[in-house]
Amino acid sequence: MSSLYHHLAPGFVERLGAGFAFLPRFAEHVAPELVEAVGAIAACAPFRRMETPGGRRMSVAMTNCGACGWVSGRSGYRYATADPHTGAPWPAMPELFSRLAAGAAERAGFSCFDPDVCLINRYEVGSRLTLHRDSDELDFSAPIVSISLGLPALFQWGGHSRSDGTLQLELRHGDALVWGGVDRLRYHGVLPLRDGDHPLLGRCRVNLTFRKAG
Ligand code: MD3
Ligand code: FE
């Protein structure tokens, strides 16, 4: 599907649903700065593979920046103002991150998006995210903005019921997605990362998701 889009210049917006927009290469021009900022964040709040409420270890490693961060553990999923790993507040969200997220949201028709969380997911070869919905936020009127970096991934998205069929979209370095309105609670996931070697990130993929949690 995305092979139709990736030759297009940044600035192109593909509206795939009333509240779902695909912005190929939206963040490509600032990707090196984003990668550097992720390194600085991870130096303070290290990537860790969190435990699910069911006691399994996720294959994706995560960290956060912003006023709060998404955490998972035996007691469930929640947003926390401190990193349970260090006890310290999460690193501040870089200006570049919030500006970029607001810009992507604006392009998709959501004005004044002011995220308080950036969840950072790191996929190694074989890491995946099973089909789920993002429903731990208090305010579903705000969209979620995602930015992909590094190796390409097959993203799958479905409907409002787990059993609805899914479509696939390949997400590449610099691509942005915006989900809001009626599409905000769709099921989605990421298939196991295929091996490759990315010039900036090597054998991994990093995804930033910007949220309004509180
Ligand atoms: C559709 N991340 O962190 S980003 C997640 O590539 C997550 O790491 C994936 O799903 C990743 O929760 C997918 C695209 C995305 C993010 C949030 C959504 C799609 C979404 C929220 C609602 C619907
Ligand atoms: Fe999600």
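## Glu-33 and helix H1

Glu-33 has its place in helix H1, where helices (H or I, at least four residues) and strands (E, at least two) are DSSP runs numbered from the N terminus. This is a predicted model, in which local features need pLDDT of at least 70, side-chain atom pairs count only at pLDDT 80 or more, and totals for chains, interfaces and linings use all residues. Residues are numbered from 1 along each chain as its sequence is written, chains are lettered from A and ligands numbered from 1 in the order in which they are written, and side-chain values use heavy atoms, with hydrogens and water left out.

With a relative accessible area of 42%, Glu-33 is partly exposed; in these terms, buried means under 20% relative accessible area, exposed over 50%, and partly exposed in between (1.4 Å probe, protein chains only). Between Glu-33 and Phe-210 there are 177 residues in sequence and, C-alpha to C-alpha, 17 Å in space.

## Nonpolar cores

The largest nonpolar core contains 37 residues, and Leu-34, Phe-97, Leu-208 and Phe-210 touch the most other members. Such a core is a set of buried Ala, Val, Leu, Ile, Met, Phe, Trp, Tyr and Cys residues joined through side-chain atoms within 4.5 Å. Two or more residues of this core come from each of strand S2 (20-23), helix H1 (31-44), strand S3 (61-66), helix H2 (95-107), S6, S8, S11 and S13. H1 provides the largest share, 7 residues.

Leaving aside residues up to four places away in sequence, Leu-34 touches Ala-27, Leu-96, Phe-97, Leu-100, Ile-147 and Leu-149, a contact being heavy atoms within 4.5 Å. A second, separate core has 29 residues, among them Leu-119, Tyr-123, Leu-129 and Leu-171.

Ala-27 belongs to the loop between S2 and H1 and is buried, with a relative accessible area of 0%. Its contacts, not counting residues up to four places away in sequence, are Leu-34, Leu-100, Ile-147 and Gly-174. Ala-27 and Ala-176 are 149 residues apart along the chain, while their C-alpha atoms are separated by 6.9 Å.

Arg-25 also lies in the loop between S2 and H1. This residue is partly exposed, at a relative accessible area of 22%, and its phi is near 65°, a positive value in a residue other than glycine. A positive phi, near 60°, is also found at Cys-112, in the loop between H2 and S6. Cys-112 is exposed, with a relative accessible area of 72%.

Asp-134 counts as buried, at 10% relative accessibility. His-188 likewise counts as buried, at 16% relative accessibility.

## Pockets

The largest pocket holds about 800 Å³ of space. On a 1 Å grid over the protein atoms alone, a cavity is a set of points where a 1.4 Å probe fits but cannot get out, whereas a pocket is an open set with protein on both sides within 12 Å along at least five of seven lines; lining residues have an atom within 4 Å of a point. Grid points are joined across faces, edges and corners, and a volume is the space filled by probe spheres set on the points. The lining of the largest pocket comprises 38 residues, and Met-58, Leu-129, Thr-130, His-132 and Asp-134 lie nearest its centre. Strands S6 (117-124), S7 (129-132), S8 (144-150), S11 (176-179), S12 (188-190) and S13 (204-211) each give two or more residues to this lining. By class, the lining of the largest pocket has 15 nonpolar, 11 polar and 12 charged residues, where Ala, Val, Leu, Ile, Met, Phe, Trp, Tyr, Cys and Pro count as nonpolar, Asp, Glu, Lys and Arg as charged, and the others, Gly among them, as polar.

The second largest pocket has a volume of about 180 Å³. It is lined by 13 residues, with Met-50, Val-71, Ser-72, Gly-73 and Pro-84 closest to its centre. Strands S4 (69-73) and S5 (76-80) are the elements that give two or more residues to the lining of the second largest pocket, and S4 gives the most, with 3 residues. The lining of the second largest pocket divides into 3 nonpolar, 5 polar and 5 charged residues.
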